[in-house]
Amino acid sequence: MKNLFKIALALVIFVVNLAIAQPSLADRPKVSKNPDYIQVTKTLNGLSALQESQDIPPEVQQRIDELTLQKAAIESGVTWGQCRNETGNTIGIFGPASEASKTGDNNLYFLADGETTPEGWDCQGIYLPSGINVAGIESTPATYTILDGTRLIARRNPDTSALEFNVPPLKSSQENKLAVPNVSQEFIESRIPSTFTAVEIDD
């Protein structure tokens, strides 16, 4: 009788634990609601329509192929970007706001030269302060935002001293638009580099 009671009690505890743990087994948010996914799909659809109606130059075909791979990366569950600094100076980057933050959905952080943000920590782009020379950017201050699943590398051209990037910027939309503060490069270089905590990645 005691053994039967113990088995029944164990079953009740198992069922209760399963009921409590159920939310952790819930599906991930739909990828279709990811702002980067919406943006890359929209751009890809526009370029694909152009591809069907006329001959396109090789660089446009290359962009289509890149966007197709970026879309697949987001669909696979990669919901973060990574930034590496090879500029020779500290740079400002945007990332997720801390729980204590009251400034909105993203914050400005400081990435030291030679450093890379950890896997899982969502680097959303680089802050470009006023007065610096950036290849392909007409006016600053500005942000150079990237898609999820992208590894952005910032370098300084030794001949022109302009900042250059290994991937094209993401055109801003209302969903992924970042606030642009107005601080100088001197201010950024005076900051102690931020400490980034790696985020555990789900398999």
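User: What share of the residues in the protein is buried?
Analyst: Of the 203 residues in the protein, buried ones make up 34%, and please keep in mind that this is a predicted model.

User: Which strands make up the open sheet?
Analyst: The open sheet has three strands in the order E1-E6-E7, and their pairing is mixed. E1 and E7 are the edge strands, each pairing on one side only, and from one strand to the next the twist averages 20°.

User: How many bridges join E6 to E7?
Analyst: Three bridges join these two strands, E6 and E7, which run antiparallel; for alanine 154, the bridge partner in E7 is phenylalanine 165.

User: Switching to the inside, which residues have the most contacts in the largest nonpolar core?
Analyst: That core has 19 residues, and those with the most contacts inside it are Ile93, Ile126, Leu128, Leu152 and Phe165. Among the elements that give two or more residues to this core are E2, strand E3 (106–111) and strand E4 (125–128). A second, separate core has 11 residues, including Ile56, Val60, Ile74 and Leu147.

User: What is leucine 128 in contact with?
Analyst: If we leave aside neighbours within four places in sequence, leucine 128 is in contact with Val134, Ile137, Thr140, Pro141, Ala142, Tyr144, Leu163 and Phe165.

User: Now the helices: what do the buried residues of H2 pack against?
Analyst: They pack against helix H3 (58–75), and the buried residues of H2 include Tyr37, Val40, Leu44 and Leu47. Helix H2 covers residues 35–53 and reaches 28 Å from its first C-alpha to its last, which is close to the 27 Å expected.

User: Last one: where does threonine 90 lie?
Analyst: Threonine 90 lies in the loop between strand E1 (82–86) and strand E2 (91–96).

User: Is threonine 90 buried or exposed, and why?
Analyst: Threonine 90 counts as buried because its relative accessible area is 13%, and buried means under 20%. Apart from neighbours within four places in sequence, the contacts of threonine 90 include Asn85, Phe110, Gln185 and Pro193.

Notes
Residues numbered from 1 in each chain as written. Predicted model: local features only at pLDDT ≥ 70, side-chain atom pairs only at ≥ 80, totals over all residues. Heavy atoms only, no water. Helix = DSSP H or I, 4+ residues; strand = E, 2+ residues; numbered from the N terminus. Buried < 20%, exposed > 50% of the residue type's maximum accessible area, 1.4 Å probe, protein only. Contact = heavy atoms within 4.5 Å. Core = buried A, V, L, I, M, F, W, Y, C linked by side-chain atoms within 4.5 Å. Expected span 1.5 Å × (residues − 1). Pairing = 2+ DSSP bridges. Axes fitted to C-alpha atoms, helices over the stretch in contact; angles between N-to-C directions.
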